[in-house]
Amino acid sequence: MRVKRDLKIQAIECGTVIDHIKAGQALNVLRILGISSDFRATISFVMNASGARGKKDVVKIEDKNLSIEELNRITLISPKATINIIRDFKVVQKNNVVLPSYVEGIVRCTNPNCISNSSEPIKSKFSVLQEDEERVALQCLYCEHIISENIAENLL
Amino acid sequence: MSLKNRHVISVKDFSREEIDYILDTAEKLEPVAKGEKRLRLLDGKIIALLFFEPSTRTRLSFEAAVHRLGGQVLHLGSVEASSVMKGENLADTMRVISNYADIIVLRHPLDGSARMATEFASVPIINGGDGSVNHPTQTFLDLFTIRRESHLEGLKIAMAGDLKYGRTVHSLCHALSLYGAEMTFVSPPELRMPSEIVRDLQNNGISVKETDSLEEIIGDVEVLYMTRVQKERFLDPAEYEKVKNKLKITGDLLSTADPNLKILHPLPRVDEIFPEVDSTPHASYFKQAFYGIPIRMALLALATGVIE
């Protein structure tokens, strides 16, 4: 049976649609937004959908507006994602996510000897470095270690 | 210029003007460091020396610097007998010791510990070495030695030995790049200077050359900064022996050196500099150990604000 592409994921009346997520990263997007099993709003997502620019993931969060700061964190794992704010089934605002210059408490430093991996009462802190259009690196503000790969695997 | 209440965590936190000011201050304090002149600038000040790992040289030179300036030191004592063993974290230790001392010198095995300490201490922190990241007083004393024994501006310097893991050479490269320099890195291929550091230096207009032979470059440098290659960096002991034999400074090697060449080494050395070199005018490594005293005096006096 032929399934219409737009039925794979329903349009939402009100909420946020995160589009053009790097294929395979939708679950990490939820993690980076701190969305876990106690999150009450309806979430739907597609992974590896075919789009004009190749495969992508899409996440739709209903009745929920995330802060710009929260959304911008997505750049760490998917620099080209776009954000659509939906009201009455219409896109009322469309933005590209913007790379933050600093992130706190969302990624673990991969240096096992870093003080931020000890039992001290601190959160991890990184300055964000743009390597190129597709890649982002993080530099730990404590130990100066640079994480340039596998950021998604080190989300807290 | 005032550096009162400034933390000293990494040389990268200081501008060239601030570094020059610190070196100028150290030079003025040299007669006091030698004991030729008495100057009790730290009279009435308490300096906490919190060493969470052993480091005889750094600890003793800080202690000597404090005594020369008439200050008093507080020691942690052995870590085993301290509150650390009762499970106190470093953050609380910093909050507590801030009430007891005017400044804290911290040496800690974890990377980034000194930076974290600044978030909890209410007095200035001087980083006496945090894990494998920064050891700014070593870098300041290296710069001071180069300035006193040679010159900083546009220096032709070679750094040799373990350039991959050596934090002293990494910080020194950065600091020297503020003065313009021609740098040559001499190391076995497995211990080369990390490529991102080489790239940063080149982006800052520094000329960089890499080789594995001291013979090739000895006639063309004004300062040779030697470091120890550690055996534990090699899986194969035979490979270590090979590298060790290639990277050594002997009287023979120096026969083709520039007469004004100065050799520095953060010490302790093992056998990378032969004893026959010690009596030549090239040997500056023991003077370098002395320069650690005026530099630490300067940093203590500037951060506590007794010199402004």
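In this predicted model, the secondary structure of chain A comes to 2 helices and 9 strands, where helices (H or I, at least four residues) and strands (E, at least two) are DSSP runs numbered from the N terminus. Along the sequence, the elements of chain A follow the pattern β-α-β-β-α-β-β-β-β-β-β. Residues are numbered from 1 along each chain as its sequence is written, and chains are lettered from A and ligands numbered from 1 in the order in which they are written. Local features need pLDDT of at least 70 and side-chain atom pairs count only at pLDDT 80 or more, whereas totals for chains, interfaces and linings use all residues.

The C-alpha atoms of chain A fill a box of roughly 55 × 30 × 30 Å along the principal axes. Of the 156 residues in chain A, 31% are buried, that is, 20 or more other C-beta atoms, placed from the backbone, lie within 10 Å of their own. Two residues are in contact if their C-beta atoms, placed from the backbone, lie within 7 Å. Among contacts in chain A between residues at least 6 apart in sequence, 62% join residues at least 24 apart.

Strand 4 (residues 82–87) and strand 5 of chain A pair in the antiparallel sense over 6 bridges, pairing being assigned if DSSP finds at least two bridges between two strands. Ile83(A) has Asn95(A) in strand 5 as its bridge partner. The hairpin of these strands has 2 residues between them, and Asp88(A) takes a positive phi near 50°. None of the 7 residues of strand 5 (residues 90–96) of chain A is buried, so this strand lies largely in the open.

The contact between the chains takes 15 residues from chain A and 11 residues from chain B. Helix 3 (90–97) and helix 4 (113–120) of chain B are the elements that give two or more residues to the chain B side. Helix 4 of chain B gives the most, with 3 residues.

Within chain B, the axes of helix 1 (residues 16–33) and helix 11 (residues 285–304) come within 8 Å and cross at roughly 115°; axes are lines fitted to C-alpha atoms over the stretch in contact, with angles from 0 to 180 degrees between N-to-C directions.

How values were computed
A residue is buried if 20 or more other C-beta atoms lie within 10 Å of its own, exposed if 12 or fewer, and partly exposed in between; C-beta atoms are placed from the backbone.
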